[in-house]
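Student: I would like a close look at one part of this model, with the terms spelled out as we go. Please take the aromatic residues and their surroundings as the theme.

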Amino acid sequence: LSTGHYDVIFEPDSFYSFFSCFSNIFSGKGAMEKTNPFSEKLNQQVANSKLTIKDIPQYADAFSKYYFDSEGVARKDFTLIENGKLNSFYHNSATASFFNIETTGHASRGAKSALTVSGTTKVFSGGDIPTSQLTSGEYFEIHSMQGLYSGSNAISGEFSFAASGYLCRDGKRVQPVKGVTVSGHYHQMLLNVELIGSELIPTEDKEFFAPLFRFEKVSVAGV
């Protein structure tokens, strides 16, 4: 693939990995420790206004259901981003006490790990673009990424990783692509994405439900 700027669509499981790499933006623990880059952005626009992201612990189509967090607090439906605005962070009892609010029921603790926060099933709002329109023209479909975490800065939002997939035109794969480098800024991508599919597609493990997103003019370094 020639070096240039391409529209990019992530295959659902790849988008889940990409999204999870920057999930610290929802962490109340990160906000408390000043490692969350969105710690001062509550109720501010951080994504496209069409975008709403919810944490739904007993989502009907999900493979797993979650009823209590690691502190025994009942889990409830929870809105992270609403119409593009950051609504709240995940909190446990410690982070909630720090901010003088109630826990959101997202405490997480392993057998040998300290108390932290974590979410459950993520469910995005669907957009208004049919798949046929979303996949019109030329775009790079990403199926796998190498070095995503080592090449990403969870605080600044900058990323650079090796990717493989397909060059597509009008929804059809026309050329396999391997070993190109994709780079950009995650926070800006959330704000600037305009093409959001109308159909929610689950990941293979049915823990993440999101439409297809078409990110425009992403930097791709090839040959």
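Student: Is Phe 15 buried or exposed, and what is its relative accessible area?

Tutor: Phe 15 is buried, with a relative accessible area of 6%, where buried means under 20%, exposed over 50% and partly exposed in between, using a 1.4 Å probe and protein chains only. The model is a predicted one, in which local features need pLDDT of at least 70 and side-chain atom pairs count only at pLDDT 80 or more, while totals for chains, interfaces and linings use all residues. Residues are numbered from 1 along each chain as its sequence is written, and side-chain values use heavy atoms, with hydrogens and water left out.

The structure contains 25 aromatic pairs (rings of Phe, Tyr and Trp, the last by its six-membered ring, with centres within 6.5 Å; stacked if the planes are under 30 degrees apart, edge-to-face if over 60, tilted otherwise). One of them is the edge-to-face pair of Phe 10 and Phe 215, at 6.1 Å centre to centre with 80 degrees between the planes. That pair links distant parts of the chain, 205 residues apart, since Phe 10 lies in strand β1 (residues 4–10) and Phe 215 in strand β14 (residues 213–221); helices (H or I, at least four residues) and strands (E, at least two) are DSSP runs numbered from the N terminus. Phe 10 and Phe 215 are both buried.

Phe 15 has a ring partner too: the centres of Phe 15 and Phe 19 are 6.4 Å apart and their planes stand at 45 degrees, so this pair is tilted. Both residues belong to helix α1 (residues 12–21), four residues apart, or about one turn of the helix, and Phe 19 is likewise buried, at 3%.

Returning to β1, five of its seven residues are buried, so the strand is largely enclosed by the rest of the structure. It pairs with β14 in the antiparallel sense over five bridges (pairing requires at least two DSSP bridges between two strands), and there Tyr 6 has Val 218 as its bridge partner. With strand β8 (residues 138–146), β1 pairs in the parallel sense over three bridges, and Ile 9 stands opposite Glu 141 of β8.

Phe 10 is also, with Phe 18, Phe 140 and Phe 161, among the residues that touch the most other members of the largest nonpolar core, which has 47 residues (a core being buried Ala, Val, Leu, Ile, Met, Phe, Trp, Tyr and Cys residues joined through side-chain atoms within 4.5 Å).
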